[in-house]
Amino acid sequence: MINESQPTVVLIGAGIAGISAAAALADHAQVTLIERETQPAYHATGRSAAIQSQAYGSPAVRALTRASDPFLSAPPDGFSEHPLLTPRGLISVARADQLDHLRAEYEENSDSALTWLDADEVESRLPLLRRGYAVAGFLNADAQDIDVHALVQGYLRQFRAAGGRLIRGAEVTEIRKTGDHWQLRAGDDILQADIVVNAAGAWADGLARIAGVNPIGLEPLRRSALTFRPPEGVDTAAMPMILDAEERFYVKPDAGMLLASPANESPSDPVDSQPEDIEIAEAMDRVLQALDLDVRRIESKWAGLRTFPPDRTPICGFDPDHAGFFWLAGQGGYGIQTAPAMAALAAHLIGGAPLPAPVRDLGPDPALLSPARFR
Ligand SMILES: Cc1cc2nc3c(=O)[nH]c(=O)nc-3n(C[C@H](O)[C@H](O)[C@H](O)COP(=O)(O)OP(=O)(O)OC[C@H]3O[C@@H](n4cnc5c(N)ncnc54)[C@H](O)[C@@H]3O)c2cc1C
């Protein structure tokens with residue numbers, strides 16, 4: 001399946017960004033995907049809350065989410081045995097002192113299908129909520145759970161079937177431009193490429209520095225999460241996700257458990273992120289103020305890095321100062337739900353792949369995603 005006339009592309013980082021772009025590119029280039037860990041999707045991608053919300057993020061993020069929805073709703077034949085999306089619903093709730101925040105958020109999201117709920121309506125939809133806690137809320141009925149594992153595995157299968165090569169357990173430590181080509185050292189391998197794609201998540205600025213490319217100013221922010229058992233006899237499977245009006249916590253069902261997060265954004269170095277005890281305690285405290293629960297034990301806890309560019313809009317494009325160096329980074333808190341559109345755009349810009357109609361018609365102006373906006 002090797003086609004010598006196609007460009008050679010090395011993508012660095014097998015999180016959702018690198019995996020999805022590698023799959024989208026594999027028919028249009030000779031693609032190698034390199035991952036430092038032995039397991040793909042080990043970092044941010046494997047630690048997300050797995051929600052798709054079209055009422056989240058900057059206008060460009062929302063456009064990417066809308067443009068990704070057709071792929072997630074109806075992936076190509078054979079991509080996954082399971083649906084990638086299942087209905088969840090999301091209710092933002094406000095105490096009396098948060099009502100202004102709730103109203104502002106509701107108005108800001110007027111392009112999404114939201115339903116305003118009074119206190120009684122909130123309580124009837126959320127039986128676990130403490131009576132009298134919320135004075136109002138709004139429902140985003142379109143919010144869905146994403147099967148991240150199935151999405152990752154589907155892309156990896158697609159990538160391999162198209163002849164793509166995945167190298168795991170190999171950290172890229174050197175990137176050098178020699179003539180028109182890039183030369184990379186990844187573990188014991190030396191690779192040549194026409195194009196290097198920086199999909200290194202929280203490490204993307206560091207990787208750029210290794211290549212002699214100016215960093216963007218990406219900020220990795222830790223977000224922690226935990227799970228606990230729902231009350232005995234209460235079936236939470238169909239419960240909507242609950243989001244605090246000021247995003248100070250959220251709770252959602254997750255494989256028979258309840259997943260909670262203090263929705264923290266704690267500055268971090270790019271590391272194998274771990275939750276701080278105080279963040280887990282804060283999550284429990286905020287959740288127990290809102291929900292009438294008796295939590296005996298935390299079943300699991302983790303943290304991941306949500307990595308943001310200064311304007312909180314992801315980066316997808318060639319570096320204007322370094323030919324052949326492509327940025328696919330800064331996906332922040334939206335990297336799963338925006339992956340299909342970001343991948344399609346990357347494959348279009350790098351390998352000339354045709355843009356799928358939803359990305360062309362619903363996606364943002366590619367200039368909004370270009371790294372040139374920071375130069
Ligand atoms: C708690 C939490 C909740 C979230 N909830 C949601 C959600 O509900 N919906 C949503 O859409 N998004 C959510 N996100 C955000 C989403 O998880 C991220 O945007 C996305 O996973 C980023 O993917 P990535 O591929 O850029 O990064 P990563 O998954 O971190 O992948 C980057 C990879 O690059 C590799 N790498 C780095 N440097 C090198 C090197 N030198 N050589 C080789 N490999 C290298 C790393 O090992 C890593 O595997 C959440 C994130 C967190 C932490």
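This is a predicted model: local features need pLDDT of at least 70, side-chain atom pairs count only at pLDDT 80 or more; totals for chains, interfaces and linings use all residues.
A residue counts as partly exposed when its relative accessible area falls between the buried range, under 20%, and the exposed range, over 50%.

**View 1. R312, a loop residue with a positive phi.** R312 sits in the loop between β19 (298-308) and β20 (315-318). Its relative accessibility is 30%, so R312 lands in the partly exposed class. Look at the backbone here too: phi is about 60°, a positive value although R312 is not a glycine.

**View 2. A263, another positive phi in a loop.** Here we're in the loop between β17 (257-261) and β18 (266-267), where A263 is found. Phi of A263 is near 55°, again positive in a residue other than glycine. Is A263 buried or exposed? With a relative accessible area of 8%, A263 is under the 20% cut-off and therefore buried.

View 3. E4 belongs to the segment before β1 (8-12). At 66% relative accessible area, E4 is over the 50% cut-off, so it counts as exposed.

View 4. The elements giving two or more residues to the lining are β8 (144-146), α5 (148-161) and β16 (250-254). Which of the elements gives the most? It's α5, with six residues. Sorted by class, the pocket lining has 12 nonpolar, seven polar and seven charged residues. Domain 1 (8-79 + 147-218 + 311-374) and domain 2 (90-141 + 219-308) each supply at least three of the lining residues.

View 5. Rolling a probe the size of a water molecule over the atoms shows where empty space is left. How many cavities of 30 Å³ or more does a search of the whole structure find? It finds one. The largest cavity holds about 40 Å³ of space. Its lining is made up of R95, Y133, D244, R248, F249, R286 and Q289. By class, that's two nonpolar, one polar and four charged residues.

**View 6. Where domain 1 and domain 2 meet.** The domain assignment builds domain 1 from residues 8-79, 147-218 and 311-374, and domain 2 from 90-141 and 219-308. In this view, 24 residues of domain 1 are in contact with 27 residues of domain 2. The C-alpha centres of the two domains lie 29 Å apart.

**View 7. Stepping back to the chain.** Along the principal axes, its C-alpha atoms fill a box of roughly 70 × 40 × 40 Å. A compact globule of 375 residues would have a radius of gyration near 21 Å, and the chain has 21 Å, so the two agree. Of the 375 residues, 55% count as buried. Among contacts with a separation of 6 or more, 72% come from residues 24 or more positions apart.

Methods. Residues are numbered from 1 along each chain as its sequence is written. Side-chain values use heavy atoms; hydrogens and water are left out. Helices (H or I, at least four residues) and strands (E, at least two) are DSSP runs, numbered from the N terminus. Ala, Val, Leu, Ile, Met, Phe, Trp, Tyr, Cys and Pro count as nonpolar, Asp, Glu, Lys and Arg as charged, and the others, Gly among them, as polar. Domain bounds come from an automatic or database domain assignment. The radius of gyration is taken over C-alpha atoms; the globule rule is 2.2 Å times the number of residues to the power 0.38. Buried means under 20% relative accessible area, exposed over 50%, partly exposed in between (1.4 Å probe, protein chains only). Contact means heavy atoms within 4.5 Å. On a 1 Å grid over the protein atoms alone, a cavity is a set of points where a 1.4 Å probe fits but cannot get out, and a pocket is an open set with protein on both sides within 12 Å along at least five of seven lines; lining residues have an atom within 4 Å of a point. Grid points are joined across faces, edges and corners, and a volume is the space filled by probe spheres set on the points.
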